[in-house]
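Please keep the sequence and the structure in view while reading.

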Amino acid sequence: MRISFWAGVVLFAFFSAASSITYAQNPCAHHPAQPGWRVFVDKRDGFCFEYPGDYKRAPTRPFASGPCGAKQGCLLNLVKNLPPSIPPSDQDEYKNASIGLSALGIPFRLNLLSRSAPMGYEGIPPAPVRVGEMMFYYYGPGGGGVTYPDQFFFEANGRAFGIDFAGPYINDKQPAEATKQIEKKLLGSFRRF
């Protein structure tokens with residue numbers, strides 16, 4: 001009788017602690033450090049980051065095979081709101097600006113990440129890039145005349161995740177300089193808990 005009581009107390013304490021994350025444990029729980037930005041928190045895998053407020057959450061496409069469809073384990077699909085100052089003639093260039101976060105469904109191994117390599121980099125692992133305290137692995141543009149998102153991969157709980165920064169593509173096959181500035185800030189805000 002005594003053993004089952006204490007076993008119940010221990011199990012209750014374990015599951016209560018495991019399923020709840022306090023604000024003190026979550027370094028992104030409070031207001032974003034960057035004005036006008038929002039916070040994304042993944043409680044399951046224990047990471048968070050800030051993203052620009054002019055990107056809005058869009059639904060993942062259930063059967064899509066594109067960058068952020070549910071088929072790819074999409075966790076967050078963000079699309080850029082068009083600023084009113086963009087003339088109609090340039091709007092097509094801006095409509096394809098997006099940020100997608102995906103759980104890749106594979107263990108984190110560099111040789112497995114090469115499956116996502118752009119044309120011309122097949123079989124070559126992504127390049128390591130340190131941003132703050134975090135190590136990411138990067139693929140940029142590949143060969144051919146098509147556009148490529150900037151892809152950053154990271155590990156959480158032994159699993160592989162990817163963040164794609166797509167567009168706008170202004171006379172180039174890689175994202176514009178404004179997107180590259182967003183990449184630095186977003187990846188710099190990345191925290192584990």
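Contact here means heavy atoms within 4.5 Å. The model is predicted, and the points below are grouped by element.

**L187 and its surroundings**
- L187 lies in helix 4, which spans residues 177-188, and because its relative accessibility is 2%, L187 counts as buried.
- Leaving aside residues up to four places away in sequence, L187 touches V131, F136, F152 and I163.
- R130 is 57 residues from L187 in sequence, while the two are 9.5 Å apart in space, C-alpha to C-alpha.

**Helix 4**
- With 12 residues, helix 4 reaches 17 Å from its first C-alpha to its last, which is close to the 16 Å expected at 1.5 Å a residue.
- The buried residues of helix 4 include T179, K180, I182, E183, L186 and L187; these cover an arc of only 155 degrees around the axis, and therefore sit on the same side of helix 4.
- On the face turned away from that buried side, helix 4 carries the exposed residues A178 and K184.

**Strand 2 and its partners**
- Strand 2, residues 47-52, is mostly covered, with 6 of its 6 residues buried: F47, F49 and Y51 lie on one side, and C48, E50 and P52 on the other.
- Strand 1 (residues 37-42) pairs with strand 2 in the antiparallel sense over 6 bridges, and D42 stands opposite F47.
- These two strands form a hairpin with 4 residues between them, where G46 in the turn has a positive phi of about 70 degrees.
- Strand 10 (residues 191-192) runs antiparallel to strand 2 and is joined to it by 2 bridges, with R192 as the bridge partner of F47.

Methods: Residues numbered from 1 in each chain as written. Predicted model: local features only at pLDDT ≥ 70, side-chain atom pairs only at ≥ 80, totals over all residues. Heavy atoms only, no water. Buried < 20%, exposed > 50% of the residue type's maximum accessible area, 1.4 Å probe, protein only. Expected span 1.5 Å × (residues − 1). Arc of directions from axis to C-beta. Pairing = 2+ DSSP bridges.
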